[in-house]
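Keep the structure in view as you read.

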Amino acid sequence: MRQPLIQYKIGNGTGTGTFLWYDNWHSFGPLHKRFGKEVVFKWGGLFKLRCLPLFCQGEWRWPRLRNRVTQEIIRHTPPNLRPDSLREDCVVWVPHPSGKYFVPSA
């Protein structure tokens, strides 16, 4: 699978306003690409859900769904992945793993 060239950084919910299912913010990459649209329906069909509402008082507040996919997302969300309330959500360029710039990677 090809490495995404951009990554979303979750901030205070302004700026790009990172989407939970479609943006590349999680270590899995865009969640809908990994798990399909069925998982969105299990979450009530909230296709335009942003990441920030799932974060409250310094902790992720995941829905209490007991399905395999939700549990996998929760288990693989890095504990240090926290929104930064001092900056807007933003998109950053992900360099080639070697750290070098290659025209084909752009």
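Start with accessibility: a residue is buried under 20% relative accessible area, exposed over 50%, and partly exposed in between, using a 1.4 Å probe and protein chains only. This is a predicted model, where local features need pLDDT of at least 70, side-chain atom pairs count only at pLDDT 80 or more, and totals for chains, interfaces and linings use all residues. Residues are numbered from 1 along each chain as its sequence is written, and side-chain values use heavy atoms, leaving out hydrogens and water.

Go to the interior. A nonpolar core is a set of buried Ala, Val, Leu, Ile, Met, Phe, Trp, Tyr and Cys residues joined through side-chain atoms within 4.5 Å. The largest one here has 19 residues. L20, W21, W25, L31, W43 and W62 have the most contacts inside it. Three helices each supply at least two residues of this core: helix 1 (31-35), helix 2 (38-42) and helix 3 (68-75). Helices (H or I, at least four residues) and strands (E, at least two) are DSSP runs, numbered from the N terminus.

Now centre on L20. Contact means heavy atoms within 4.5 Å. Setting aside neighbours within four places in sequence, L20 touches W25, L31, W43, L49, R50, C51, L54 and W62.

Turn to the charged pairs. A salt bridge puts a side-chain nitrogen of Lys or Arg within 4 Å of a carboxyl oxygen of Asp or Glu. The count is 4. In helix 3, R68 and E72 are 4 residues apart, so about one helical turn separates them. Their side chains meet at 3.0 Å, N to O. R68 is exposed at 59%, while E72 is buried at 13%. R34 joins R68 and E72 in a network of salt bridges.

Two other pairs follow. R61 meets E59 at 3.8 Å, N to O. R61 is partly exposed at 41%, and E59 is partly exposed at 42%. R87 meets D84 at 3.4 Å, N to O. Here R87 is partly exposed at 29%, and D84 is partly exposed at 30%.

I6, V91 and W93 make a nonpolar patch of about 270 Å². Patches take residues with over 30% relative accessible area and no salt bridge; like charges are joined within 9 Å, nonpolar side chains (Val, Leu, Ile, Met, Phe, Trp, Tyr) within 5 Å. Areas come from the Shrake-Rupley method with a 1.4 Å probe; for residues, only the protein chains shown count as cover. V91 sits in strand 4 (residues 90-93) and is partly exposed at 38%.
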